[in-house]
Amino acid sequence: MRVSGLFQFLAFIFVLIISFVFIRSYTSISMKNTRLPRWLGPVSKEIPVVKTKCGLSKSCPDNFFAFKISSGAANVVGPSICFEDHVIISPVKDNVGRGLNIALVNGVTGAVLRQDSFDMYSGDPSLLVKFLREIPADVLVLVASYDDPGTKMNDEIRKLFSNLGSSYAKQLGFRDSWVFLGARDMDNKSPFEQFLKNDPGKNKYDGWPELLELEGCVPRKVI
């Protein structure tokens, strides 16, 4: 009887130990599950999005203007020109035209002075010549092509764009894609320019190269 009683006592102690371990483990898991959302709370908070002018990949430093220029896509989607978060030309504003779309901006204040489009397929090229000749000093010139920027291009227009800092105006032709930012009487060629030749073997669209997008920060003209 004593041996039997001892076994019963040991069995009772064993059950108590197992029960204690089980209860402690279950309580620990429950506490972890209860605290988990609190731990995840700060992580799930929304990360603030830094808005940049014209949707640039990064903000411009002080005394620099933000800009983005997109050429047209074939003859379907028109070009767009944004300067300091102000959309000057875009299909949404319904102020784009076939050929060359040009915006003039004051290089000191950033104020938009004028915007226009010139039909370079069947239009009068003398209108563009007059426009380019009248561009004053300290003015930024932003250009975006659409459909065909080159059929009516002549030597005088090419020279005027070259004087604005263009490296590709001399070879601009039928249905090429071109985006450019320059200014009058630049000492060197503008670093803000992209050009894509109309090449049937490489074109993205049927008869046109793919659209071009140019963005950056241009220094403010300080008097």
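This is a predicted model: local features need pLDDT of at least 70, side-chain atom pairs count only at pLDDT 80 or more; totals for chains, interfaces and linings use all residues.

Colleague: How many bridges join S2 to S3?

Modeller: The general idea is that strands of a sheet pair through backbone hydrogen bonds, either parallel or antiparallel. Here, 3 bridges link S2 (residues 80–83) with S3, and the two run antiparallel. Pairing takes at least two DSSP bridges between the strands; strands themselves are DSSP runs (E, at least two residues) and helices are too (H or I, at least four), numbered from the N terminus.

Colleague: What is the strand order in that open sheet of 4 strands?

Modeller: The order is S3-S2-S1-S9, with antiparallel pairing. S3 (86–89) and S9 are the edge strands, each pairing on one side only.

Colleague: And which strands stand at the edges of the sheet of 5 strands?

Modeller: That open sheet runs S5-S4-S6-S7-S8, again with antiparallel pairing. S5 (112–118) and S8 (193–196) stand at its edges with a single partner strand each, so one side of each has no neighbour in the sheet. S7 and S8 are joined by 4 bridges, and Trp178 stands opposite Phe195 in S8.

Colleague: Now the holes. How do I read those?

Modeller: Rolling a probe the size of a water molecule over the atoms shows where empty space is left. On a 1 Å grid over the protein atoms alone, a cavity is a set of points where a 1.4 Å probe fits but cannot get out, while a pocket is an open set with protein on both sides within 12 Å along at least five of seven lines; lining residues have an atom within 4 Å of a point. Points join across faces, edges and corners, and a volume is the space filled by probe spheres set on them.

Colleague: Which residues lie nearest the centre of the largest pocket?

Modeller: Leu140, Ala183, Met186, Pro219 and Lys221, out of 18 lining residues. The pocket holds about 330 Å³ of space, and S7 gives the most to its lining, with 3 residues.

Colleague: How many cavities of 30 Å³ or more are there?

Modeller: The search finds 1. The largest cavity holds about 50 Å³, and its lining includes Tyr146, Arg175 and Trp208.

Notes
Residues are numbered from 1 along each chain as its sequence is written. Side-chain values use heavy atoms; hydrogens and water are left out.
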